[in-house]
Amino acid sequence: MKINPRMVSLGYFDGKHPSLACATTGGKVFIHSPHAPQEIYGGRLEGKGNSSISLLNINQSISAVISGSFNEEDRSSGDTLFIGTPTNFLAYNVHSNTDLFYKETADGSNALVIGKLGGLEKTMVIAGGNCSLQGFDKDGEEGFWTVTGDNVRSLELVDFNNDNQNELIVGSEDFDIRVFQEDAILAELSETDVILDLCRMSDNKFGYSLNNGTVGVYDKNTRLWRIKVSKVLYIITLPLTFNYFFQKSKNHPTSLHSFDLNGDGVDELITGWSNGKFDVRTDKAGEVIYKDNMKTAVAGIVHGNYKMDGNECLIIASTEGELKGFNQISPENASRGIAVDGITSATPGGGGGFGGSKSLQDTNTEQEALRELTQRKQNLLLELRNYEENLKASKMIRPSGLGELDQKEMGIIPADTTIQTSLTISAGTTHVGPHVNLIISTSNETIVRSAIIFAEGIFENECHVSHPPKQKIGQEMSISLFPNKDFPIDLHLKVFVGYKSSTQFHVFELSRQLPKFSMYALITKTDLPEPAGHVTFKIHERINRIVLWINQNFLLSEDFKCDGPDLNINFQALRTLGAVSFTMTGRGEVTIRTNDMDVAADLIQTLCTFLNIEDLQVTADFPEEMEKLGNILSKVDEFHAAGQKLTAEMADHSNIIKNLIVRAEDARLLGDIKSMRKNYMDLFNFNKDLINGYKVRSTNHTELLNCLKQLNQIIQKAGKLRG
Amino acid sequence: MMELNLSRLDYLQTGTTSPNSMQLLPATGKKEQTNKVAVADHSGVVQCFGIKKKELQSVFKTLPSQVKLTRMELGGPPGGIRDRIFVCAHSEIRGFSKKGKQFLTFETNLTDPIKAVYVEGGELLVGSNYIYNRYTDCTDSAYYLCPDRISDVLCLPPDKTDGLLSVVACEDKMLRMIQDSEMIYEFEIGGSPSTTKLYEGTGGEEGDEVIYGTRDGKLGLAQLSRLLPSQKWEVSNDKQHGGILSLDHYDIYADGIQELIVSRDDGMIEIYGYDENDEPILRHHQTFAESVTSIRGGVVSAPGYDELVCTTYSGWVSSLTTEPESSSKIKTSMPSTPVSSHSSAEPVKAEQYVGINHDTLERIVRIKDEIEELQNKVAVERERYQSMAAQGNSISAVPHFQVNNKWRLSRADASYILSIEVHTAIDFILLQSDVPVDLLDVDRNQAVVSYSATSVEDGNYLLTTYRCQANATRIEIKVRSIEGQYGRLTAYIAPRLHPKVCCVNEFPIKPLSLHERTHKWDDTRPSNSLSLRGQFSLAEVHSWIAFCLPDVPDRAPPGEKITMTFASTFLNTQLECCYSAGEAVFTSDSVSTISILKDVLSKEATNKKIRLDMSYDISDSSVPHVLELIHPLLEEQLTLAKNVQLIDALKDLQVHETDVSFLSDDYKGILENADELKEKYQRQPCYLQRLYGIITDLFIDKYKFKGQNSKNKVPALMEVLDNYSLESLIAFFSRN
């Protein structure tokens with residue numbers, strides 16, 4: 001049976017026996033209980049007698065499935081199954097086949113998590129939807145609500161700051177991981193793609209996975225490691241090394257789970273991939289300790305006592321319904337550290353069994369280690385040879401030595417060649433939008449053949465290549481960069497230097513940082529209308545510190561200096577063309593004037609981080625945003641009204657349709673073909689109306705969602721204005 | 001059937017190696033039951049070693065020389081043991097005894113480097129670029145000039161044949177049988193041969209059976225009897241593995257029958273057994289990460305355990321042995337350093353390898369030690385290099401590194417396979433093309449690909465970087481070109497070495513890039529022709545043809561009037577080029593082919609300021625003929641696309657209806673073969689678009705020859721294609 005990715009959960013629904021609940025096609029959830037077959041059927045639940053599989057009809061597309069208990073201390077009362085759909089949220093007791101509660105969630109629920117949050121007393125199930133987070137207690141009462149920056153894709157509860165209370169970690173589509181201590185944001189961790197999954201690990205660490213194929217582990221604010229996976233092999237990067245870049249990978253992680261597979265007391269991070277591969281990595285450095293393949297994409301990873309033999313085991317489910325299980329290695333085995341047993345087969349709706357025992361480590365490790373070392377030795381020898389040859393060549397330089405032509409073809413360049421880079425802002429032309437110009441030039445007559453820039457987040461793929469045609473090659477090369485978000489970017493350059501006719505080029509590798517607010521041009525006197533929106537706040541800092549901050553975060557041709565007692569600096573935002581002015585009086589009163597609340601919020605947040613300010617009182621006034629907010633609110637009202645009207649119409653229609661069917665069938669039984677035909681024709685027309693109505697309703701709903709999203713985002717932005 | 005379990009064991013690493021530059025010396029006497037390994041590399045070193053009591057023992061090792069050693073063969077007295085080593089060094093042949101004494105230095109005075117050598121008693125057979133030469137006791141005794149490059153030579157065993165018959169494998173897909181200086185016949189095979197070998201090492205019962213491997217990965221057995229050659233079998237390369245580099249016969253299964261052992265340039269090693277009809281069947285395969293240049297079967301490390309010894313491009317000499325893993329640890333003789341001191345100095349590191357055999361641990365520690373020493377040395381040199389930058393007047397010169405690249409047309413899906421291999425790990429590759437090409441996904445390719453935005457006005461249709469994984473020395477990329485769009489694909493290859501350099505490799509994309517050379521011609525097809533007349537020499541017209549078409553030798557073959565035939569790998573249309581000085585005639589059943597040739601040739605001639613008289617003869621019946629050739633391909637693709645679309649819906653039905661017997665047979669078929677269909681569909685992305693493109697080109701070309709511009713009718717053509725049927729398409733072509 002097919003399994004929807006990410007919608008696999010293991011629960012002890014009767015309090016004793018483990019069952020697997022997975023969402024499958026057609027708005028159904030199947031529950032596989034190999035040990036205690038379901039007893040009560042009817043209503044939502046269908047199944048056959050003593051079969052270990054029962055199907056739960058939700059009749060809507062399912063967006064999330066989890067199971068858990070509201071009573072954490074005593075789980076014997078049985079777990080509850082939670083099912084999220086784009087419009088609703090259902091808590092369901094499988095054992096007694098009853099709904100606990102059923103809630104409408106306009107923002108949908110893309111991700112669910114259950115547990116205790118912060119100092120809140122009750123265990124809640126938290127649903128993350130379209131920019132919003134809602135928590136429900138066991139009676140279905142809403143006990144928690146807050147907003148976040150974009151669609152929520154993943155949720156996890158972790159004691160982030162070691163205060164023995166859980167914080168809520170939210171991964172969303174705007175590439176940010178946010179940590180909520182109840183409803184206040186504790187930390188914001190910027191990533192480079194949509195955060196697909198989060199998972200709690202031992203020692204309050206947590207793992208994450210991104211859409212572009214990155215998997216990593218955070219310990220509080222610091223990333224311990226991350227790995228970018230392309231197809232099969234891995235590139236591991238620990239902090240402080242720079243040879244790591246991004247690109248859309250051919251695979252993406254479909255599920256993430258933590259489980260102590262090797263029995264060493266520390267959880268490992270287990271990642272399932274869309275190509276069916278799964279791997280087990282250590283939490284500290286991300287080394288792979290085990291990997292294997294499923295036939296199709298991995299749909300979910302769970303663990304539990306599924307064999308009922310007292311041992312926790314890891315279960316991996318694929319989208320086609322294949323299941324693989326692994327026993328935890330007992331500690332005495334772990335010291336020898338090799339084998340993992342396969343467990344018995346349990347594949348609903350499909351055959352296949354588990355293999356015998358699997359080897360954790362490749363037996364050939366020693367050979368591989370040797371090979372790698374020899375390879376390293378060979379590399380060193382080659383490098384040594386390069387230097388020797390270089391020395392030889394430099395001695396050969398005399399009139400009768402290498403000809404000029406040869407020299408150029410060989411790509412021999414003066415040893416003192418250096419590469420200079422500079423960054424300038426350009427407002428752009430009618431054809432080219434505003435951009436930052438990166439100019440690369442050589443220090444002598446050598447030319448720049450080509451340049452590759454690796455950077456995260458500003459290119460479609462991991463890098464940008466500049467390769468001018470032969471006639472345009474020169475000592476200088478200019479590359480336009482279009483950052484579309486305000487964040488600092490590390491540019492890693494590889495520059496090919498040589499001569500026009502060279503067949504071999506020297507590769508210069510250098511790095512350059514683009515400051516956070518690079519797309520803001522300094523303007524001296526302003527022709528731009530004064531922005532109506534502004535924020536004011538007071539800080540106790542010397543102006544010089546602020547000047548330093550400005551120099552670090554803006555792209556200025558020369559360092560900005562403040563002459564008078566008051567600081568006043570004006571920028572033009574190149575993307576929106578609006579003005580941004582920043583003033584600070586000698587008494588520490590700061591005013592930021594801009595119509596863009598987002599920019600103001602960003603500036604305040606960066607400034608606070610720079611100055612280590614934890615709490616800041618801010619007065620803000622953004623008439624434009626407020627007006628927008630008003631508009632959105634009235635629009636939301638309209639959509640709600642329209643939605644209700646449409647629902648009423650639909651109810652009407654469905655009544656008529658029921659009538660028509662009965663009449664038509666009556667006519668058929670009576671042999672009155674003519675009126676049967678007429679009734680069915682009417683039915684057809686009503687059906688068409690209904691479908692049209694549905695289309696209107698669905699566009700109405702999308703619009704509504706859009707508005708709500710904007711609304712949530714404005715709230716989020718405004719929230720960020722606080723320090 | 002017996003399961004073969006081969007474990008890899010590395011002996012040592014030499015310099016980069018060419019194909020077939022390793023041999024196993026025959027075991028001598030009763031005391032020695034193992035073979036010794038002799039290997040020649042690009043740094044000019046010939047070395048020979050054996051394994052004694054699990055200890056690697058060098059027999060001899062020559063000093064490095066400036067000349068690359070490209071080939072190694074064994075020879076011996078007539079009827080005696082072949083234990084003399086012959087290697088090629090440019091135009092020189094060197095001979096070594098098994099003890100390492102150099103007994104022969106023979107300068108052939110050939111201008112081109114020697115590609116292939118074969119030794120039979122006192123006879124030395126040599127193939128350089130186009131020239132086959134035979135030397136009897138080092139005096140010139142026979143000579144033959146081939147029309148295309150020679151890839152391998154051998155001679156049939158003289159004791160079984162009458163006179164010395166040599167077989168010369170040439171790149172124009174021919175095996176040529178040569179006696180003395182006369183060619184007896186040529187025999188066409190399925191691909192451009194890369195290596196040949198006598199069947200079972202002896203040439204079979206008659207001594208005239210030759211196994212060959214081709215550059216596009218085919219294997220075949222030809223019986224080359226004196227009068228009439230015949231094909232015994234040929235194995236096609238459906239799975240698109242790499243080209244064949246080395247062949248050997250060895251009874252690795254120890255069942256009394258010699259198996260055929262094959263190594264390929266994508267690292268694949270295969271063992272073929274023979275069935276009752278003597279047809280080969282694949283029994284085992286194993287993959288290395290880089291091309292396996294030579295492979296030989298024998299017994300090296302332990303008596304009684306058969307193994308396959310192979311060399312890789314970057315110089316690893318490794319073995320796949322039948323000996324169980326645990327007992328097969330080899331110690332290399334390295335400068336001895338007291339191990340104990342090191343293990344105590346690095347207790348942490350040693351701990352990582354707990355559970356590893358003590359010998360290996362010892363080896364690891366030793367290598368680590370060596371590495372440390374080297375690292376210090378490198379650090380000093382690096383500093384010196386850096387300090388040079390401060391002094392004026394000095395230069396930075398990095399020696400060229402070798403790139404082993406292959407650019408070959410893969411017939412199966414009409415695309416090019418580009419493989420790049422460097423003797424050390426590749427860091428990244430930048431691919432740039434000045435014509436539109438598509439890059440296809442290759443499963444074996446594990447590099448991180450990144451497409452960069454391109455600007456056509458800068459002549460960049462493709463800018464793609466491949467960032468390679470650590471230790472990847474080889475990369476394979478598939479490129480699809482469009483006929484008529486020609487230019488160049490440039491690869492900038494940077495290895496993971498300091499000081500960092502990148503080397504430029506260029507690959508031509510020819511106007512008729514998807515054609516391949518054949519020797520067949522079908523007279524019955526309708527034909528269009530293009531004739532050229534003008535003041536041009538044979539060499540000039542030959543160079544134009546070489547510019548337009550792949551598989552054409554650089555030099556014009558001997559003769560005044562030359563005929564070459566080609567077939568399109570995509571559509572199977574044919575092309576014949578018939579040319580001499582001042583005149584050339586091109587005949588093809590495809591109007592598009594003729595149109596491309598016309599455009600390119602007139603442009604080339606204008607560039608060279610040569611006046612050409614062009615005339616063409618277009619046959620109207622050729623267009624429906626080509627459409628009929630396309631028809632089966634198109635229909636297959638359309639059905640496939642339709643079926644694939646249905647799979648998901650049908651699967652859904654299958655899940656929710658317990659019984660699917662009510663479905664029609666067609667649908668049941670789709671359900672049964674769902675995976676196969678999906679795989680097929682994914683394997684050929686854009687195939688349909690490609691076919692549509694060809695039909696559109698054909699349409700435009702047809703009217704171009706009539707002097708009409710039909711571009712405005714293309715939308716109408718697309719409409720016809722959307723509701724495709726062969727009749728309506730042919731009608732559309734003839735209507736307009």
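UniProt positions are given here in the numbering used for this structure, with feature names shortened, and such annotations may be inferred rather than shown by experiment. With that in mind, and remembering that this is a predicted model, begin by selecting residues 434-517 of chain A, the stretch to which an unreviewed UniProt entry gives the annotation "domain: BBS2 GAE".

Next, show both chains and select the contact between them, to which chain A contributes 61 residues and chain B 58 residues. On the side of chain A that touches chain B, the elements giving two or more residues include strand S34 (447-454), strand S35 (463-466) and strand S38 (504-514), together with helix H2 (365-396) of chain A. H2(A) gives the most to this side, with 24 residues. Coloured by class, the residues of this side of chain A divide into 27 nonpolar, 21 polar and 13 charged.

For one of the pairings, pick His506(A), whose bridge partner in S38(B) is Val501(B).

Finally, move to chain B and select helix H9 (residues 687-705) and helix H10 (residues 714-722), whose axes come within 11 Å and cross at roughly 135°. H9(B) and H10(B) are therefore oblique to each other, and H9(B) passes H10(B) in a right-handed crossing. Displaying side chains here, one finds Tyr692(B), Ile695(B), Thr696(B) and Phe699(B) of H9(B) meeting Val714(B), Leu717(B) and Leu721(B) of H10(B), a contact with 6 nonpolar, 1 polar and no charged residues.

Methods: Residues are numbered from 1 along each chain as its sequence is written. Chains are lettered from A and ligands numbered from 1 in the order in which they are written. This is a predicted model: local features need pLDDT of at least 70, side-chain atom pairs count only at pLDDT 80 or more; totals for chains, interfaces and linings use all residues. Two residues are in contact if their C-beta atoms, placed from the backbone, lie within 7 Å. Helices (H or I, at least four residues) and strands (E, at least two) are DSSP runs, numbered from the N terminus. Ala, Val, Leu, Ile, Met, Phe, Trp, Tyr, Cys and Pro count as nonpolar, Asp, Glu, Lys and Arg as charged, and the others, Gly among them, as polar. Two strands pair if DSSP finds at least two bridges between them. Axes are lines fitted to C-alpha atoms, for helices over the stretch in contact, and angles run from 0 to 180 degrees between N-to-C directions. Angles under 35 degrees count as roughly parallel, over 145 as roughly antiparallel, 65 to 115 as roughly perpendicular and the rest as oblique. A crossing is left-handed if the near helix is turned anticlockwise from the far one by less than a right angle, and right-handed if clockwise.
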